[in-house]
Amino acid sequence: MQEKPSTVAAYAAGASLAAVALFYVFGPNYTIDGDESSDNNRKKSIVGLSNLANDCFINSVLQALAGLGDLRVYLIRELHRRELDGPEIYNTVPSPDELSRAERPDKLRELQQGIITRALKEMLDRLNERPIYKKIISARGFIQALEFAFRTRISRNQQDAQEFLQIVLERLCDEYHAGVRARQRALGPIAMPAGSGAVEAEAEEYAAEVEVRIDDGSPNGLPAIIDNKLKEIDSEAGFPFEGKLESQIVCQHCQYQYKPNQTAFVNLTLQVPQKSSTTLSSCFDGLLKTEYIDDFRCDRCRLQHAIELKTLEKSRAYAQSEKERLDREITRIQEALESDPESELEGIVMPPAEVAPKRKIARHMRIVSFPKVIAIHLSRSIYDRNSSTKNAAKVSFPERLPLGGILNQTWYKLLAIVCHKGSHHSGHYESFRRNHLYAPFSTPEAFSSYAQSRVASETPSVAPSPRLAPRSTPDVDVEGESSNLSSTTSSTSLSNVSPGASQLTPPMPRPTTSSSRRSLHSTNSRSSTPQPTSGSDSNHSPTPDQGRFSTSSAPRPSRTIPRSSGETMSGVSSRLRRRRKPNDRWWRISDEKVKECKTSDVLGMQKEVYLLFYEMERADASPVAAVGQL
C-alpha cells in the first residue's frame, strides 16, 4: 500500500526534530554556544549587558566588578551577617540629638540596610552565570536602586566610567561603616562593677569575655562567648576597596615635620604625563614622589617670628603692665613652640598672617593601608583655557604590580581593566575581565592537610608489601601489568637457579602466550607512561618492552621498592602541578558582545586603558590556585 505524501512529510519532520534534539542533548555547545575546541570543554561565553540608552560606561564598570573575587566574598559575607543579626539592628537609628546636622534619619536607615550592597550582589551574581546559550541581561535593576538611593536620575549626557565607579564605591563604603556603627550601638556600653577602678584596657577585656545567650527556643538559651576573634573577623572583613594615604609636610627652613594627615580612599587617580609613552610606575611617582612647594607659611616659623616681634615691642614699651603682658604672651608662645606649633593660641594677639615669612616645604605621600582590591584611574584629561582634550599617551601596565617599600612590599594581580576608545567628548567603553578560578574558600589547604594527616597517621611497616605507583590508566591495565610482572619475575628467578633447586621453588604461573602479549602491548601503548620513582635512574630506566617482556635478571626498583604515603602524595601533587596550565584566558566585553582573548591582548591596550583593577595576592595563592584551576 502506497503511503500518502502528507504522512511521509510528517514522518520526515518528526525524524528531523528527533535528530536535532538528540544532537543538542549530546553536543549542545556546537550549535548554540559556537564552535568549541576539542581540548577545552569550558564555555566560551559569559552573560552580556544590553545597551539601550548609552549605558556603556555602566556596563563596563559592572563587568569589571564581576571579575573581582574579594568583592564578591565581601558582598556575600556582609549580607549574611545582616541576615544573622536581624532587621531590627539596622532599622533602628539614634535619636535626632545624637545625629549631626548633615545626617538624616531616613538616609542613615537606608545606609544601615545596605540597599546598594544587596543590589550589587544580585547584579554580580547574574553576571557570573555560565549560560549554555548566548544570554544578555539588563542593568536596569541596579540603576534603579542607585537612583532611589541618591534620589536623582543618572545622566547619560556626561558619560564617565570613573565617576560612576566613584559613586558606587563610596556608597558601598558608607553602607559598610553604617552597618558597623549599628552593630556597635546594638551591643551597647557594658557596665563595670562599681568601685572596681578598672582602666580602659581591663574594660575592653571584660567586654570581650561577656557571656551572652543565643535564642534557640529554650527558656535560658544557649551560652555563647564573644571573644577577640570577632574583632579579628571584623578587621579582616573590611571593605576591600578602602585604603589610607598619609601625607606629611616638612619645612625646609626649620626642618619642622607636621603631623601626618591620613585620608581614606576607594580608588586612586593618577595623572598621565603628556608624553608619547609612559609606564604605570611613572604615574605612581607623580602621586607618591616628594613635591616641593614655595610660598608656604610654616606654623613654627610664624611662632618664631611672633616671638621676635613681641620681644622688640617689649623693648619699646614703657608701662610695666604692658611689659608683663608681653612676657606672658612670649612665655605661652615659647611653650607652644616647643610642644605643638600647630595648635591655636587663644587670648594672644598674633601678628597678621601677611607679615609672616614664606618658606619652602617638601610634601610627600605614601600608602599606609593597602586595600585588598585597588582601583586605579588614569586621568587622561588635558584642560586648556578654551577647550579640553584627551591625552592619548601609551601607558604600559604590568600583570603583577608591586606597591610599598622594600620591607613592606605588597603584590597585586591584574584582574580587570576598562578601556575608552574615542575623543574626550565622545567614544565607547569596553572592559576586559580575567576568567579567574577561585579555590573553595572553606578548605584552601585541602591537599596539604590531607597529605600531612596521612603521613602523621601511618607508620612504616617492617616488611611492607609492594605498592604500585598511582596511574591514570584504567584498572584493567594495572591488573594486566601486575600479572605480567609476576610471570616475568618468576621466570627470571627460575632461570638463575640450578635444576636441583627447581623442585623446591613454587609452581611457576602459566606463561603468557604470544597473542596475550600482543594484546597487553597494544593496551599499554595507549596508556600513559608511568612516572619514575625518586630512587630510579632516568638514564638507565628500561623501555616499556624491556620492562614488561624481557627475561633479564636486572631488578626493577620502580616496581619493587615500596613508597610511603608522603612520597605518594608528593608524586600526585607534583603531577598536578606539571599538568596545570597558566590561566591566560580573558573576556573582552563590549556591552552584549563577548569575545575571548589572552593576557597579551589586554596588556597591549596601552592607548585606551582608563581603569585598572588589581587584587592583592595572598601568601598561599600558589597552592590554592593550583588546586582550583584543575
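Predicted model: local features only at pLDDT ≥ 70, side-chain atom pairs only at ≥ 80, totals over all residues.

Biologist: Start with the helices. At what angle do the axes of α3 and α9 cross?

Modeller: Find α3 at residues 56-66 and α9 at residues 161-187. Their axes cross at roughly 55 degrees and come within 9 Å. Angles of 65 to 115 degrees would count as roughly perpendicular, and under 35 as roughly parallel. α3 and α9 are therefore oblique to each other.

Biologist: Is the crossing of α3 and α9 left-handed or right-handed?

Modeller: Right-handed, for α3 and α9. Now look at the side of each helix that takes part. From α3 come F57, I58, S60, V61 and L65. α9 supplies A161, F164 and L165.

Biologist: How many residues in the contact of α3 with α9 are nonpolar, polar or charged?

Modeller: Seven are nonpolar and one is polar. No charged residue takes part in this contact of α3 with α9.

Biologist: Now the strands. What holds a sheet together in general?

Modeller: Backbone hydrogen bonds pair the strands, in parallel or antiparallel fashion. Here, take the open sheet of four strands, ordered β6-β5-β10-β9. Its pairing is antiparallel.

Biologist: Which strands are at the edges of that sheet?

Modeller: β6 (261-265) and β9 (291-296), each of which pairs on one side only. From one strand to the next, the twist averages 30 degrees.

Biologist: How many bridges join β9 to β10?

Modeller: Four, and the two strands run antiparallel. β10 covers residues 359-369.

Biologist: Which residue of β17 is the bridge partner of I417?

Modeller: F432 is that partner. β17 spans residues 427-434, and seven bridges join it to β16. This pair is antiparallel too. β16 and β17 form a hairpin with four residues between them.

Biologist: Where does β20 come in, and how many bridges join it to β16?

Modeller: β20 lies at residues 609-616. Seven bridges join it to β16, again antiparallel.

Notes:
Residues numbered from 1 in each chain as written. Heavy atoms only, no water. Axes fitted to C-alpha atoms, helices over the stretch in contact; angles between N-to-C directions. Parallel < 35°, antiparallel > 145°, perpendicular 65-115°, else oblique. Left-handed = near helix turned anticlockwise from the far one by under 90°. Contact = heavy atoms within 4.5 Å. Nonpolar A, V, L, I, M, F, W, Y, C, P; charged D, E, K, R; others polar. Pairing = 2+ DSSP bridges.
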